[in-house]
Amino acid sequence: MGEFVRLETKDGIGTIRLERPPMNALNTQVQEELRAAATAATADPAVRAVIVYGGEKVFAAGADIKEMADMSYVDMADRAADLSSALGAIARIPKPVVAAITGYALGGGCELALACDWRVVAEDAKLGQPEIKLGIIPGAGGTQRLARLVGPARAKDLIMSGRMVDAQEALRIGLADRVVPAAEVYDAAVALVKPYLTGPVQALRAAKLAVDGGLDMDLNSGLAWESQLFAALFATDDRREGMAAFVAKRKPDFTGR
């Protein structure tokens with residue numbers, strides 16, 4: 001698909017693969033190629049779930065600092081929204097998305113992982129938001145998604161100290177969902193999303209929209225949003241099939257419609 005990012009589809013799983021050696025630094029080109037891959041994964045009905053993977057050695061060690069070093073406020077003011085929305089495109093994929101993390105997920109790499117629904121992390125991986133050590137803060141969702149995931153106090157600790165956490169601490173605070181040996185990371189990510197490959201596509205999409213959208217609303221607005229999505233599913237073939245299968249005590253055959 002791109003020079004540094006490609007979408008590979010096999011058996012219902014779309015793998016968004018980063019390949020920009022040595023550390024998969026997220027320069028502007030990589031950011032836009034991630035956006036394109038997310039758009040393609042969203043549009044392709046053959047893709048039922050997505051894995052974001054940086055390879056066996058590293059997930060992504062951050063933004064390309066050399067690219068940013070000479071940028072002015074005016075330069076970054078023009079670019080910052082695009083940076084955020086490029087990773088936001090990953091978050092908006094209306095399908096289950098898991099980050100398969102080896103090596104380092106730092107800065108923009110950690111923000112890319114945060115844009116996924118789950119994170120499978122290698123035992124020897126390191127995660128963090130070290131931007132403060134460069135005199136800046138995370139600018140692609142780190143301050144917002146991290147706080148929502150691990151709570152504001154822990155997010156402030158990680159962001160304001162710039163420290164890295166290992167896999168076990170990441171698991172303890174909720175930044176990681178599974179920790180496995182490095183050689184098993186991709187396979188573990190496949191195992192995590194495999195149950196969704198034959199699930200009801202529209203209901204899975206609605207579940208993700210309900211949770212993610214509700215986080216930005218007060219409780220009453222979130223409940224109304226949930227009710228709307230819930231009712232809309234009664235227009236789907238999969239809802240009819242699911243309920244008919246339940247009554248008949250058989251396994252449902254979902255078609256995604």
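I number residues from 1 along each chain as its sequence is written, and the side-chain values use heavy atoms, with hydrogens and water left out. As the model is predicted, local features need pLDDT of at least 70 and side-chain atom pairs count only at pLDDT 80 or more, while totals for chains, interfaces and linings use all residues.

**Largest pocket.** I looked up open space on a 1 Å grid over the protein atoms alone, where a pocket is an open set of points with protein on both sides within 12 Å along at least five of seven lines. Grid points are joined across faces, edges and corners, and a volume is the space filled by probe spheres set on the points. The largest pocket comes out at about 940 Å³. It is lined by 32 residues (lining means an atom within 4 Å of a point), and Ala91, Asp117, Arg145, Asp212 and Leu215 sit closest to its centre.

For elements I use DSSP runs numbered from the N terminus: helices are H or I of at least four residues, strands E of at least two. At least two lining residues each come from α3 (73-91), β6 (118-122), α5 (142-150) and α9 (201-214). I note α9 as the top contributor, with eight residues. By class I get 16 nonpolar, five polar and 11 charged residues. Here Ala, Val, Leu, Ile, Met, Phe, Trp, Tyr, Cys and Pro count as nonpolar, Asp, Glu, Lys and Arg as charged, and the others, Gly among them, as polar.

**Second largest pocket.** This one holds about 540 Å³ of space. Its lining has 27 residues, with Ile65, Met68, Glu131, Ile136 and Ile137 closest to the centre. I find two or more lining residues from each of α2 (65-68), α3 and α4 (108-114). The largest share is that of α3, at five residues. The lining splits into 19 nonpolar, six polar and two charged residues.

**Cavity.** A cavity is a set of points where a 1.4 Å probe fits but cannot get out. I searched the whole structure and got one of 30 Å³ or more. The volume of the largest cavity is about 50 Å³. Leu26, Thr28, Gln31, Asp64, Glu67, Met68, Met71, Met76, Arg79 and Leu83 line it. α1 (28-43), α2 and α3 each give two or more of these residues, and α3 has the largest share with three.

**Nonpolar core.** I count as a core a set of buried Ala, Val, Leu, Ile, Met, Phe, Trp, Tyr and Cys residues joined through side-chain atoms within 4.5 Å; buried is under 20% relative accessible area, exposed over 50%, partly exposed in between (1.4 Å probe, protein chains only). The largest core has 61 residues, and Ile16 is one of those that touch the most other members. Beyond four places in sequence, Ile16 has contacts (heavy atoms within 4.5 Å) that include Leu34, Val52 and Ile90.

**Arg20.** I place Arg20 in the loop between β2 (13-18) and α1. A polar atom of its side chain lies 3.1 Å from the backbone oxygen of Ala25. Setting aside neighbours within four places, Arg20 is in contact with Phe4, Ala25, Asn27, Val30 and Asp64.

**Glu56.** Glu56 lies in the loop between β3 (49-53) and α2. I log Glu56 as exposed because its relative accessible area is 70%. Its C-alpha atom is 7.5 Å from that of Ala182, 126 residues away along the chain.

Definitions and conventions: Polar contact = N/O pair within 3.5 Å; in protein donor to acceptor, adjacent residues only side chain to side chain.
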